[in-house]
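Here is a short briefing on charge pairs and surface patches. Please keep the sequence and model open while reading.

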Amino acid sequence: MKTSQDPVRDYLSAVEREASALPADRRQELLADLAEHIEVTRAERPDAVIGEILAELGDPRTIAATALAESGAGPAASPAWSGADDSVRRGKVHPLVPLLLLVLAQPVGMVLPDEGGSLIGGLLRITGAVLLCTSVHWTTARKTVGVLLTFALPGVAMAVWNLTDGGPSGAGPALVANLAALVLTAGTAAWLWRVRRA
């Protein structure tokens with residue numbers, strides 16, 4: 001096993017890797033703050049072992065996750081493997097993909113009610129919600145609101161509708177309910193599109 005010649009450099013490199021989702025200027029500021037803290041601590045405690053100082057700072061993943069949370073970027077994805085491109089490791093998906101899946105789920109169910117449209121619409125809605133939750137383009141709070149308004153609320157409404165034997169008789173109320181769910185989902189998707197991070 002290869003022993004590092006510069007544990008401080010290795011530590012800062014690990015923090016930089018883990019915080020790769022931070023904007024470059026914020027990441028450099030974080031690294032400069034850590035380097036300064038290490039330097040000051042070494043000057044104040046010249047007998048301290050560098051490993052102890054680094055251990056007191058904390059795990060690079062924890063530091064990066066805290067910095068990401070403070071910047072609104074959410075927790076850092078920390079895969080156990082390395083060597084792949086950062087954008088692939090973080091599972092970046094274009095922000096339009098989950099929004100389109102969530103919005104298209106309702107019309108598919110409406111247009112193809114007897115041809116498995118409900119199943120296809122449900123799968124689209126689930127896939128869209130999962131992609132939304134794992135995306136790096138929104139904060140945790142915005143993801144939560146998005147999932148509630150595009151997945152949970154329409155799902156509960158459909159379950160209540162089905163438990164009351166299809167609600168009021170006639171196609172009119174069903175169409176109004178489906179259109180209301182579509183408007184809610186499309187409106188939420190439009191809001192998520194506006195508040196996304198680049």
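The notes below cover salt bridges, surface patches and one leucine.

This is a predicted model: local features need pLDDT of at least 70, side-chain atom pairs count only at pLDDT 80 or more, and totals for chains, interfaces and linings use all residues. Residues are numbered from 1 along each chain as its sequence is written, and side-chain values use heavy atoms, with hydrogens and water left out.

**Salt bridges**

- The structure holds two salt bridges (a side-chain nitrogen of Lys or Arg within 4 Å of a carboxyl oxygen of Asp or Glu).
- One joins the side chains of Arg 61 and Glu 18, at 3.7 Å from N to O.
- Arg 61 lies in helix H4 (residues 60–71) and Glu 18 in helix H1 (residues 7–18), so this pair ties together parts 43 residues apart in sequence. Helices here are DSSP runs of H or I, at least four residues, numbered from the N terminus.
- Glu 18 is buried, with a relative accessible area of 17%, while Arg 61 is partly exposed at 39%. Buried means under 20% relative accessible area, exposed over 50%, and partly exposed in between (1.4 Å probe, protein chains only).
- The side chains of Glu 56 and Arg 45 meet in a salt bridge at 3.0 Å, N to O.
- Glu 56 sits in helix H3 (residues 50–57) and Arg 45 in the loop between H2 and H3, so the pair links parts 11 residues apart in sequence.
- Glu 56 is exposed, with a relative accessible area of 53%; Arg 45 is partly exposed, at 32%.

**Surface patches**

- A patch of negative charge on the surface gathers Asp 25, Glu 29, Asp 33, Glu 36 and Glu 39. Patch residues have over 30% relative accessible area and no salt bridge; like charges are joined within 9 Å, and nonpolar side chains (Val, Leu, Ile, Met, Phe, Trp, Tyr) within 5 Å.
- Glu 39 belongs to helix H2 (residues 24–44). Glu 39 counts as exposed, at 59% relative accessibility.
- Leu 96, Leu 100 and Leu 104 make a nonpolar surface patch of about 250 Å².
- Leu 104 lies in helix H6 (residues 96–111) and is partly exposed, with a relative accessible area of 45%.

**Leu 148**

- Leu 148 is found in helix H8 (residues 140–163). Leu 148 counts as partly exposed, at 46% relative accessibility.
- The C-alpha atoms of Leu 148 and Thr 188 are separated by 9.7 Å, with the two residues 40 apart along the chain.

Terms used. Areas by Shrake-Rupley, 256 points an atom, 1.4 Å probe, with all protein chains shown as cover. Lys, Arg positive; Asp, Glu negative; His and termini not counted. Charge placed at Lys NZ, Arg CZ, Asp CG, Glu CD. Helix = DSSP H or I, 4+ residues; strand = E, 2+ residues; numbered from the N terminus.
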